[in-house]
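Subject: Structure handover

Hello,

The structure is below, with notes on what was found in it. Please read the notes with the structure open.

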Amino acid sequence: GARETFENYYRKQRRKQARLVLQPPSNMHETLDGYRKYFNQIVGFFVVEDHILHTTQGLVNRAYIDELWEMALSKTIAALRTHSSYCSDPSLVLDLKNLIVLFADTLQGYGFPVNQLFDMLLEIQDQYSETLLKKWSGVFRNILDSDNYSPIPVMNEDIYKKIVGQFPFQDAELEKQPFPKKFPFSEFVPKVYNQIKEFIYACLKFSEDLHLSSTEVDDMIRKSTNLLLTRTLSNCLQNVIKRKNVGLTELVQIIINTTHLEKSCKFLEEFITNITNVLPETVHTTKLYGTTTFKDARHAAEEEIYTNLNQKIDQFLQLADYDWMAMEPGSKASDYLVDLIGFLRSTFAVFTHLPGDVDVHSTMSGKVAQTACMSACKHLSTSLMQLLLEAEVRQLTLGALQQFNLDVEECER
């Protein structure tokens, strides 16, 4: 006969039990099982309450359950925010997302509002994207570190088909050539291209079952891919270019590689379109502006070439040893200068013996070679002028000037 007392007692006890159930274990983020247990407890609790609501009278009512669910929802979301932020493994974040979707869909089936959980999944999505970018940073680093920076040799039709299958490349001239032949780019081009596609698939996996529209999915994938290109891949490329021991041939190969990757971006656009079925003409689509990454890398590599050349010229100039008081000039140009010109000659041969199709490379390496040649000549002439005008040089003989003149004429020649 103490119905009211019992109802109050029941509700009070269940509130305490709810608080216990909602307390996540401290190491929950370490394994998927930790999360699974946590969710199962909560679902169990609310399934029991829902059952009691529908099979008894007055023991619980809708207002009481809604109030409990509200508390549960805010505590669960807070716990998930905290614990998911510790997670650095993208596959665990993905599994967690799938669990949260199951959890939300189950409770929605019992009539509990779960919109907030789906909103929170969009936050976790940003974090998933960050863990992917970290992972791919390592992937790109390994690819770039293990590359030999020389054109891919092709011995037979099978290898040719395999590479063309991995990377969108067409060149009628190269197809006509007999085997063995070479692709203009090195291994890192098809490898990087394929890893960008893998990244896009990984992004897509998260957006499944989130009840998002295809434009939202498309937008998310393009934004993440832009970050992958402009931040992750860009840093990796810049690090390779700025490395101490990177040589001229490698830099020239990087210029060629980035040109091909830049051209391939339109195929990545199509790849995303095919996955999401959102046409690029759609008003809201984000463009893949990440292509600028390849332009930037190319400019950095060119700058590095010019800087390297000038440093080499300086090393030769340190060997210049003019006798400013010489009575007679020598019979030929100074040794250091002959060596320097020999070095420059072999350096510029690197640019002219590049493989590949006439249109891209001869104009591209030609343009870089021309600029490098101009920058080298300018640097050399300025440096020679400085040698002549040095403060330590107090007086000059005609013989010394004639020797110097021989050297300048040798440069002109």
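Helices (H or I, at least four residues) and strands (E, at least two) are DSSP runs, numbered from the N terminus. This is a predicted model, in which local features need pLDDT of at least 70 and side-chain atom pairs count only at pLDDT 80 or more, while totals for chains, interfaces and linings use all residues. Residues are numbered from 1 along each chain as its sequence is written, and side-chain values use heavy atoms, with hydrogens and water left out.

Backbone points

Asp209 is in the loop between helix H8 (188-207) and H9. Its phi is positive, about 65°, although Asp209 is not a glycine. Asp209 is exposed, at a relative accessible area of 51%; the classes are buried for under 20%, exposed for over 50% and partly exposed in between (1.4 Å probe, protein chains only).

Tyr149 also has a positive phi, near 50°, and is a residue other than glycine. Tyr149 sits in the loop between H5 and strand S1 (153-154). With 9% relative accessibility, Tyr149 counts as buried.

Where is the cis peptide bond that involves Pro180? It joins Phe179 and Pro180, with omega about -10°. Pro180 belongs to the loop between helix H7 (172-176) and strand S2 (181-182).

Domains

The protein has domain 1 (3-112), domain 2 (129-291) and domain 3 (319-412); these bounds come from an automatic or database domain assignment. The centres of domain 1 and domain 2, taken over C-alpha atoms, are 43 Å apart. Between these two domains, 8 residues of domain 1 contact 9 residues of domain 2, where contact means heavy atoms within 4.5 Å.

About 690 Å² is buried between domain 1 and domain 2, and carbon and sulfur atoms give 70% of that area. Buried area here is the accessible area (1.4 Å probe) that two parts lose on being put together, summed over both. On the domain 1 side, Pro90, Leu94 and Lys97 supply 63% of the area buried against domain 2, more than any other three residues.

What does the rule find across this interface in the way of salt bridges? Between domain 1 and domain 2 there are 0 salt bridges, a salt bridge being a side-chain nitrogen of Lys or Arg within 4 Å of a carboxyl oxygen of Asp or Glu. The rule does find 3 residue pairs in polar contact across the interface of domain 1 and domain 2, both residues at pLDDT 80 or more. A polar contact is a pair of N or O atoms within 3.5 Å; within protein, one must be able to donate a hydrogen and the other to accept it, and residues adjacent in sequence count only if both atoms are side-chain atoms.

Salt bridges

Over the whole structure the search finds 17 salt bridges. One of them joins the side chains of Asp33 and Arg36, at 2.6 Å from N to O. Both residues lie in helix H2 (residues 32-55), 3 residues apart, about one turn of the helix. Asp33 is partly exposed at 48%, and Arg36 is partly exposed at 34%.

Arg81 and Glu123 also meet in a salt bridge (2.7 Å, N to O). This pair links distant parts of the chain, with Arg81 in helix H3 (residues 62-84) and Glu123 in helix H5 (residues 115-146), 42 residues apart. Arg81 is partly exposed at 42%, as is Glu123 at 38%.

In helix H9 (residues 214-241), Asp219 and Lys223 are 4 residues apart, about one turn of the helix. Their side chains form a salt bridge of 2.9 Å, N to O. Salt bridges that share partners also join Asp218, Arg222 and Glu269 into one network.

Single residues

Not counting residues up to four places away in sequence, Glu302 touches Ile255, Lys367 and Val368.

Ser137 lies in helix H5 and counts as buried at 18% relative accessibility. Leaving aside neighbours within four places in sequence, Ser137 is in contact with Thr232 and Cys236.

Glu412 is in helix H14 (residues 398-412) and counts as exposed at 67% relative accessibility. The C-alpha atoms of Glu412 and Cys377 are separated by 9.3 Å, with the two residues 35 apart along the chain.

Regards
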